Amino acid sequence: MTVDYDWIEICDPSTKKLFFANPSTGECLFERPLQGTTRASSPGGDWWELWDDKHNLPYYYHTGSGVTEWTKPKDALIVPLIKIQSSTTFKPVMPSAMHQQPQQQQQQRSLRDTDTKLKRNSRSLDLPANTSLRYALHQRSNSQNDLDVPAMEHTDSVTPSEPDRLPSSSSSLLSAVLPASNVLKKLSSNSTSLSRKQSVRSQNSDPAPVSSSSDTRSRRISHFMTLSNLSPKPLRQFVNRPAASTSAISQPVNNPDAAMAMHPTQGGASLARNAPPPPPPAPSQSQPTLPIGLKQDIKKFAIDGFAQKYFSTHKKGLFRRKVPMTEMLQWTKDSIKKPLIMMNNDLYKDVIKCFKLIQMIMGDRPKARHATEIDNYQTILNFGITKGQMRDEIYVQVCKQLHNNPSIASVKKGWEILCVISVTFPPSKNLENYLTHFVKEQRDNNAEPDIQTMSAHVLNKLDRICKRGAKGKVLTSAEIQRAKVAPFSPSVFGESLPFIMSMQKEKDDTLQIPRIVPFLAEAVLEMRGDQSEGIFRVPGDADEVTDLRVRIENGQYDTTGLTDPNVPASLLKYWLRDLSEPLIPTHLYDACLAHAESPTRAIDLVNQLPDTNRRIALYVISLLQDFTDPEIIKVTLMNINNLAMVFAPNFLRCPSESLTTVFENSKYEQAFLRTLIRHLQVDRQQCVHTNKDIQAALKMPL
């Protein structure tokens, strides 16, 4: 529409007084101009064109509804006020909502429209804090780059009502909407259903505005988390609470009865043990279920929805045509110009480099002369470990190159990459379903046997690493080579005991426990571990431990070149701790704590273990008893209390996610193991070779 006026009538929203502005010259008058045509303000509001100095882009403000948009409204009369925006007359009467960017308004609307949900991680560890109002809590990563912090996600509408309280930037928006950090900590301590802790690393960078209304969503934070069961009403009270408070914190109340009821070995355990069994559940009526085809369609719709929400928009050609999602996420021999997933601009170069390295490994791009394939792998893994926001991007890049790839050799190389990264760092909670769906489709629809084997292996490793978290360091060359062949030669680490025994019986059916246990125990004794100070407490050299682990994974039970007994001792503890299921099953955990000081009941619990679990527990306890001789303790400085403290986490695994509970239970776990070391009697060699049932017995006093 053409402008057919010289002056614009503008109403001051606070005083309701009128003044007049000239869009061409920037002149402002309080009296109606005598010359030129004047356009009166519309009763329903006008669209004003204003300028955003932060991003050097125009945006549009509606005086009636208070809405701001990046895109120019269609079929609407636009009042250009850019020239007079900086006027000293005009600036004081501008409504404060005009200073708010469209992205900030959308973030506030998302706070009102989105219910609080329980989410995990991504793990975008290094996203700027002002790209979204969602905070995260992460448990998965053991990396030194992760910081576990309690946090919260979005809540219902918590926006101030007065215009002058509306923030003018993303950082002020966060401080206005969210309570203080100490309030968040108090809220997080009351939450009882956290699914996973997550990590957030904040950076002070601003997101660039986007070009269309559909793309005005905030930049993605890959790892989401929430405080479950958090009502918005208490939060709103925290936000509106006065800054100063005169009420003092009350003193703690001494309640011996409650303490006794919560004691693991007295009140609480005995009450649970003597309680009558629950009544049998009533027979449930068959509930109608959706057809399988419809379920698959719904799931595919959810996957497509994820792609539309989190994948970035790519354009190409002279007219900048938008690239369809299906075309963007399929194999290409060319490089990419920008990340596949929305992320910070400062990571663009690393993302493009990472994609080129993936193409080189898969054979889709000529290899660089100065770097080997292992170097390329380690560079990719380093990106994923040190820059958490790139983890999802790496997974999606590999999936892109696997989709509709015409080369079988390239596809196998791509699955090798997935085998390596799936044991190094996990995807985010948001990407996990998308990635799992993709891997399952490849496993079910690909006729190539090797692809089916590798996809099943990747599926298993993804499930495990999503529970355990990322590694803290880049894999060595031997570890990378081992991870590539792991689908066809499974490891004895990180698997269940039945699976390990089934693999072992194919080669040697004479041993009744996994070969690795007596091998490492005998190595400790042969290297004179009983004469080594701090044995089982002092860790072995990390490189030597890794080298010995890779040897065992490759079937080479050989300690040639090793002289430090701490190396096999460390690897024995690692193997026990890394089992997919704890050595003492979870359903016996509470009973072990309740009878930690009772020798008879503790030994009875050990005898209730499955055969393989029981034999391993008895073998290791018998090994530790060899180190309780007073003469040996004088050298090792490891008495029975030290041994129990070191090995308790390898026998018992606390099922609670509360750090307070884990810490409180640790002393009862140590007491249980100390009782076994003192009072259990068994023949160690019978645990390894005898086919008959082996039971623990109570040691007779001398």
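In which helix is Thr 546 found? Thr 546 belongs to helix α18, which spans residues 542-553; helices are DSSP runs of H or I with at least four residues, strands are runs of E with at least two, and both are numbered from the N terminus. The model is predicted, so local features need pLDDT of at least 70 and side-chain atom pairs count only at pLDDT 80 or more, while totals for chains, interfaces and linings use all residues. Residues are numbered from 1 along each chain as its sequence is written, and side-chain values use heavy atoms, with hydrogens and water left out.

Thr 546 has a relative accessibility of 11% and therefore counts as buried (under 20% relative accessible area, with exposed over 50% and partly exposed in between, for a 1.4 Å probe and protein chains only). Its side chain reaches the backbone oxygen of Ala 542 at 2.9 Å. Leaving aside residues up to four places away in sequence, Thr 546 touches Lys 473, Thr 476 and Glu 479, where contact means heavy atoms within 4.5 Å.

Helix α16 (residues 497-505) also has buried residues: Leu 497, Ile 500, Met 501, Met 503 and Gln 504. They lie on the same side of α16, because they cover an arc of only 160° around the axis, taken from the directions from the helix axis to the C-beta atoms. These buried residues pack against α19 (566-577) and α22 (611-625).

Elsewhere, four strands form an open sheet of mixed pairing, in the order β7-β6-β5-β8; two strands pair if DSSP finds at least two bridges between them. The edge strands β7 (68-69) and β8 (78-80) each have a single partner strand, so one side of each is left without a neighbour in the sheet.

Notes: A polar contact is a pair of N or O atoms within 3.5 Å; within protein, one must be able to donate a hydrogen and the other to accept it, and residues adjacent in sequence count only if both atoms are side-chain atoms.
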